[in-house]
Amino acid sequence: MLKVTIENGDFVMKGTFDFGYIGTFRDSQIEIGDDLEEVRDWEIVTDSLDAVNCSDEEIAVFLTNYLNGFEAKIQQNLKQVNDNFLLRVFEDMESCGCEFWECDALIIPEKMPAHPENEIYSPNWDRITRLETAYRDMPNDGSLLKPDVEAQLRKGFPMFNFDRFIKGIIPESVCLTDGYIAFQCSDNFGKLILCAGYDELDEQLTFTDWHNF
C-alpha cells in the first residue's frame, strides 16, 4: 500500500507500488509528475474534486486512492502486463541482435545451440510478430483475450534463463501524470538487456511509449 502526503507544498510518498515483473517501487522511487498547483489542473483531479477549493489533504487522499487503485488494476491483470513488458523486451533484443549468451547468468547451457548468432533469433521472427499484433497499442485491462506471451517466448528461447532475468530487473522509478503511470527499470547484467526500459500505461493499461536507451 502507498500513502501520499503533502509537506510544505511537496509530495511525499510512503509505501510500495508493485508492478509485477517490472519491480516493486518504494517511497522516493514513486513520484508525482507535476507540482501541486499543476496537479490541481489534471483532468483526473478536476473530474473528481473541486480542485480550486479543495484542501491539500483532499488532493493527497485522492492521489493515494488513485495510485493504489492503479496498482490494484495492474495486479488484477498482471499476466497481460507482464506479457506486454516481456514482449517489448524481446522485440528490442531481437532487433539489435542482443548477444545475451555472452552472459553466463542468462543462459541455460544445455539448451544453447551450436551457433547462437544464427540459430536463436531467426526462428522467432514470425513468432514475435504474431504476438506483437495482439499486444501493440491494445489495452491490458482484461477486456481482450490475448495469447500467452511468456509461454511462447519460453518455447522459442529455451536457452534463455527467464527466471534469472526477471530476478535481475532493477526498478528505478514510477511516476504518475494525468491519467498515466510511467515506469523505468534496468538490469543487473551490466544493462545488457535493459539500459533504461521505460513505458507509460494509460488507465486501460495500454503500453503507449516504450523506450530502452
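Over the ring of which residue does the charged end of K73 sit? It sits over the ring of F70, 5.8 Å from the centre of that ring, where a charge counts as sitting over a ring if NZ of Lys or CZ of Arg is within 6 Å of the ring centre and within 35 degrees of the ring normal.

The views below show a predicted model, in which local features need pLDDT of at least 70 and side-chain atom pairs count only at pLDDT 80 or more, while totals for chains, interfaces and linings use all residues. Residues are numbered from 1 along each chain as its sequence is written, and side-chain values use heavy atoms, with hydrogens and water left out.

View 1. Strand β1 (residues 2-7) runs antiparallel to strand β2 (residues 10-18), with six bridges between them; strands pair if DSSP finds at least two bridges between them, and strands (E, at least two residues) and helices (H or I, at least four) are DSSP runs numbered from the N terminus.

**View 2. R40 lies in the loop between α1 (36-39) and α2 (43-46).** R40 counts as buried because its relative accessibility is 11%, buried meaning under 20% relative accessible area, exposed over 50% and partly exposed in between (1.4 Å probe, protein chains only). A polar atom of the R40 side chain lies 3.0 Å from the backbone oxygen of C54. Leaving aside residues up to four places away in sequence, R40 touches V45, T46, A51, V52, C54, S55, D56 and I59, contact meaning heavy atoms within 4.5 Å.

**View 3. F19, F100 and F165 touch the most other members of the largest nonpolar core, which has 65 residues.** Such a core is a set of buried Ala, Val, Leu, Ile, Met, Phe, Trp, Tyr and Cys residues joined through side-chain atoms within 4.5 Å. With residues up to four places away in sequence not counted, F100 touches M93, L106, I107, I120, Y121, M159, F160, L192 and I193.

**View 4. Ring pairs link F90, F100, W101, Y121, F157, F160, F162 and F165 into a cluster.** Rings of Phe, Tyr and Trp (its six-membered ring) pair if their centres lie within 6.5 Å, and planes under 30 degrees apart count as stacked, over 60 as edge-to-face and the rest as tilted; by this rule the count comes to 18 aromatic pairs. F90 and F157 form a tilted pair, 4.9 Å centre to centre with 55° between the planes. This pair links distant parts of the chain, 67 residues apart, with F90 in helix α4 (residues 78-96) and F157 in the loop between α7 (149-156) and α8 (162-167). Both F90 and F157 are buried.

**View 5. An open sheet of five strands has the order β4-β5-β6-β7-β8, with mixed pairing.** The edges are β4 (30-32) and β8, each with a single partner strand, so one side of each is left without a neighbour in the sheet. Strands β6 and β7 run antiparallel and are joined by five bridges, and F183 stands opposite D199 in β7.

Technical notes. Polar contact = N/O pair within 3.5 Å; in protein donor to acceptor, adjacent residues only side chain to side chain.
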